[in-house]
Amino acid sequence: MATPRYSSDVEAVDALAQAYQDLRTEIAKVIVGQQEVVKSVLISLFSNGHSLLVGVPGLAKTLLVSTISEVLELDFKRVQFTPDLMPTDITGSEILNDARHFEFNPGPLFANIVLADEINRTPPKTQAALLEAMQERSVTVSGVRHPLPAPFFVLATQNPIEQEGTYPLPEAQLDRFMFNIPLDYPSYEEELAVVRGTTGVTRNSVQHVLSGADILYFQQLVRKIPVSDNVLEYAVKLTGKTRPNTSRAGKDVNEYISWGAGPRASQYLVLGAKCHAAINGKYSPDIEDVQAIANYVLRHRIVRNYKAEAEGVTEEQVIQGLF
């Protein structure tokens, strides 16, 4: 971990807020719009969590991730998930070297930022290898454990259309992702700016803002941010409200939800709220910070029933009814 360079945690939080603004400015040189997406990805990165991006093709998911890695001066690898991809294709394998000894050849998981493109297009065995690496921050090949570089951040993408021939992630594995971030089509003005900027010969370059050591330091700082009991209790109660047929569940949850969020949601609500407060220059989160990131944390952790699907009730509508 980086050596603290600040005289106090208050000064460090101010530095994190300024670093966040600098990151946004640099990323905006390449990525037009998508401000909420950029904000959510950076919050999950500073909170040491992984994110799942859900959007149709062509919305600059890969460009966004590569730009963030460039601004952060981090090593970036992209893996295109396909039905024939094997676990060793991403973790690495033992190869016979010139001296006729087996040595480990690292796979694309050995990077600071890994873009797992279309994670639902690869078989469960390969999905499990990725999700194990996300949780353990290491891979095991031929019985030997190999630690992954730090910081380690996985940004997986899913295409919400064309579900034929895909392997949807089970709810237990979706729970490993801190955020589920939806990407929408750009507005007319944003798309105009994208086309104008990408059909010429000029290419905007970005400046490095933070190093890997800075990221590790700020990740520890986010955990040190104090949180009051009422905010902690609010986050846990909010998660409890998503569980049908329990004492805290409301009418909509009992009517439209078959399974609610687990304890990991409460943890990520608090961590995300701490980081959301810090990047906005606050030294402790309040209830509004929890609500600001609740959609991203809870969206993929609640399961709608048939009635909700038949009536067109979305997860977001149910979550908004919990506040």
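Is threonine 239 buried or exposed? In this predicted model, threonine 239 comes out at 0% relative accessibility, so it counts as buried. The residue sits in helix H9, and apart from residues up to four places away in sequence it touches Ala261, Gly262, Ala265, Ser266 and Leu269. Leaving aside neighbours within four places in sequence, alanine 261 is in contact with Thr239, Thr242, Arg243, Leu298, Arg301 and Ile302. As for phenylalanine 153, which is 108 residues away from alanine 261 along the chain, the two C-alpha atoms are separated by 23 Å.

Stepping back to the whole chain, the domain assignment gives domain 1 (9–200) and domain 2 (227–321). Taken over C-alpha atoms, the centres of the two domains are 24 Å apart. On the domain 1 side 24 residues make contact, and they meet 18 residues of domain 2. Putting the two together buries about 2000 Å², with carbon and sulfur atoms giving 63% of that area. Asp175, Met178 and Asn180 stand out here: they supply 26% of what domain 1 buries against domain 2, more than any other three residues.

The polar side of this interface can be counted as well. Between domain 1 and domain 2 there are 10 residue pairs in polar contact, with both residues at pLDDT 80 or more. Which elements of domain 1 each supply at least two residues to the side that touches domain 2? They are helix H1 (9–27), helix H2 (35–46), helix H6 (171–174) and strand E9 (179–182). H1 brings the largest share of that side, 7 residues. By residue type, the domain 1 side that touches domain 2 divides into 13 nonpolar, 5 polar and 6 charged residues.

Now for the charges. The structure holds 11 salt bridges, and the count between domain 1 and domain 2 is 2. Aspartate 175 pairs with arginine 264, the closest N and O atoms being 2.9 Å apart. The side chain of aspartate 175 also meets that of arginine 301 in a salt bridge, at 2.5 Å from N to O. Aspartate 175 is in the loop between H6 and E9, while arginine 301 is in the loop between H12 and strand E11 (303–304), so this pair ties together parts that are 126 residues apart in sequence. Aspartate 175 and arginine 301 are both buried.

Another salt bridge joins the side chains of arginine 299 and glutamate 316, at 2.4 Å from N to O. Arginine 299 lies in the loop between H12 and E11 and glutamate 316 in helix H14 (residues 315–320), so the parts tied together here are 17 residues apart in sequence. Arginine 299 counts as buried at 11% relative accessibility, whereas glutamate 316 is partly exposed at 24%. Through shared partners, salt bridges join Asp175, Arg264 and Arg301 into one network. At 17% relative accessibility, asparagine 295 counts as buried, and beyond its neighbours within four places in sequence it is in contact with Glu316, Ile319 and Gln320.

Elsewhere, aspartate 117 forms a salt bridge with arginine 78, with the closest N and O atoms 2.7 Å apart. This pair links distant parts of the chain, aspartate 117 being in strand E5 (residues 113–117) and arginine 78 in strand E2, 39 residues apart. Aspartate 117 is buried, with a relative accessible area of 7%, but arginine 78 is partly exposed at 42%.

The peptide bond from alanine 150 to proline 151 is cis, with omega near -5°, and proline 151 lies in the loop between strand E7 (144–147) and strand E8 (153–158). Glutamate 73 has a positive phi, near 55°, despite being a residue other than glycine; its place is the loop between helix H3 (61–71) and strand E2 (76–80), where it is partly exposed at 48% relative accessible area. Asparagine 245, not a glycine either, has a positive phi of about 60°. Asparagine 245 is found in the loop between helix H9 (229–240) and helix H10 (251–256), and with a relative accessible area of 70% it is exposed.

Note on methods. Residues are numbered from 1 along each chain as its sequence is written. Side-chain values use heavy atoms; hydrogens and water are left out. Domain bounds come from an automatic or database domain assignment. Contact means heavy atoms within 4.5 Å. Buried area is the accessible area (1.4 Å probe) that two parts lose on being put together, summed over both. A salt bridge is a side-chain nitrogen of Lys or Arg within 4 Å of a carboxyl oxygen of Asp or Glu. A polar contact is a pair of N or O atoms within 3.5 Å; within protein, one must be able to donate a hydrogen and the other to accept it, and residues adjacent in sequence count only if both atoms are side-chain atoms. Helices (H or I, at least four residues) and strands (E, at least two) are DSSP runs, numbered from the N terminus. Ala, Val, Leu, Ile, Met, Phe, Trp, Tyr, Cys and Pro count as nonpolar, Asp, Glu, Lys and Arg as charged, and the others, Gly among them, as polar. Buried means under 20% relative accessible area, exposed over 50%, partly exposed in between (1.4 Å probe, protein chains only).
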